[in-house]
Amino acid sequence: QVQLVESGGGLVQAGGSLRLSCEASGHTDGRNTMGWIRQAPGKEREFVAGIRWSGSWTDYAKSVEGRFTISLGIDRNTWFLQMNNLKSDDSAIYYCAASKEHFATNVQEFDSWGRGTQVTVSS
């Protein structure tokens with residue numbers, strides 16, 4: 001199992017931007033999709049964005065399409081989520097996650113998780 005640590009969360013006004021970062025350490029074999037999952041209070045975990053290890057494929061939840069961008073670090077041990085035009089509905093705990101699946105888009109497909117970073121968007 002890999003160890004994942006998120007950073008970059010905080011409080012931001014609606015319309016603002018944040019960039020989340022994830023750093024991975026430990027065993028990386030079979031880490032084929034890197035992604036971001038979020039969970040708002042009282043709601044189930046939600047897939048936000050994913051990127052294949054090669055960077056050749058990305059996918060986004062419809063609710064963030066066009067506003068969020070996932071990207072991969074040079075050594076593939078880091079990945080990022082650039083969040084623009086944030087809305088109050090984006091407030092959640094954001095988790096970076098990794099999957100052995102090559103095109104993971106479902107929460108259950110991710111098998112390595114960080115502890116989460118809080119994102120709060122004020123209206």
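This is a predicted model: local features need pLDDT of at least 70, side-chain atom pairs count only at pLDDT 80 or more; totals for chains, interfaces and linings use all residues.
Asparagine 85 sits in the loop between S8 and strand S9 (92–99), and I record it as partly exposed, with a relative accessible area of 43%.

**Glycine 10**

I then turned to glycine 10, which belongs to strand S2 (residues 10–13) and is partly exposed, its relative accessible area being 25%. Leaving aside residues up to four places away in sequence, I find that glycine 10 touches Leu18, Gln118, Val119 and Thr120. Between the C-alpha atoms of glycine 10 and asparagine 85, which are 75 residues apart along the chain, I read a separation of 15 Å.

**Salt bridges**

My search of the whole structure gave three salt bridges. In one of them the side chain of arginine 38 meets that of glutamate 46, at 2.9 Å from N to O; arginine 38 counts as buried at 6% relative accessibility, whereas glutamate 46 is partly exposed at 31%. Arginine 38 also meets aspartate 90 in a salt bridge, at 2.9 Å from N to O, and this pair links distant parts of the chain, since arginine 38 is in strand S4 and aspartate 90 in the loop between S8 and S9, 52 residues apart. Arginine 67 forms a salt bridge with aspartate 90 as well, their closest N and O atoms being 2.7 Å apart, and I note that both of these residues are buried. Through shared partners, these salt bridges join Arg38, Glu46, Arg67 and Asp90 into one network.

**Nonpolar cores**

I ended with the largest nonpolar core, which has 28 residues, and among those with the most contacts inside it I list Trp36, Val48, Phe68 and Trp79. Elements giving two or more residues to this core include strand S1 (2–7), strand S3 (18–26) and strand S11 (117–122). I also noted a second, separate core of six residues, including Phe47, Ala97, Ala104 and Val107. For valine 48, not counting residues up to four places away in sequence, I wrote down contacts including Trp36, Arg38, Asp59, Phe68 and Tyr94.

Terms used. Residues are numbered from 1 along each chain as its sequence is written. Side-chain values use heavy atoms; hydrogens and water are left out. Helices (H or I, at least four residues) and strands (E, at least two) are DSSP runs, numbered from the N terminus. Buried means under 20% relative accessible area, exposed over 50%, partly exposed in between (1.4 Å probe, protein chains only). A nonpolar core is a set of buried Ala, Val, Leu, Ile, Met, Phe, Trp, Tyr and Cys residues joined through side-chain atoms within 4.5 Å. Contact means heavy atoms within 4.5 Å. A salt bridge is a side-chain nitrogen of Lys or Arg within 4 Å of a carboxyl oxygen of Asp or Glu.
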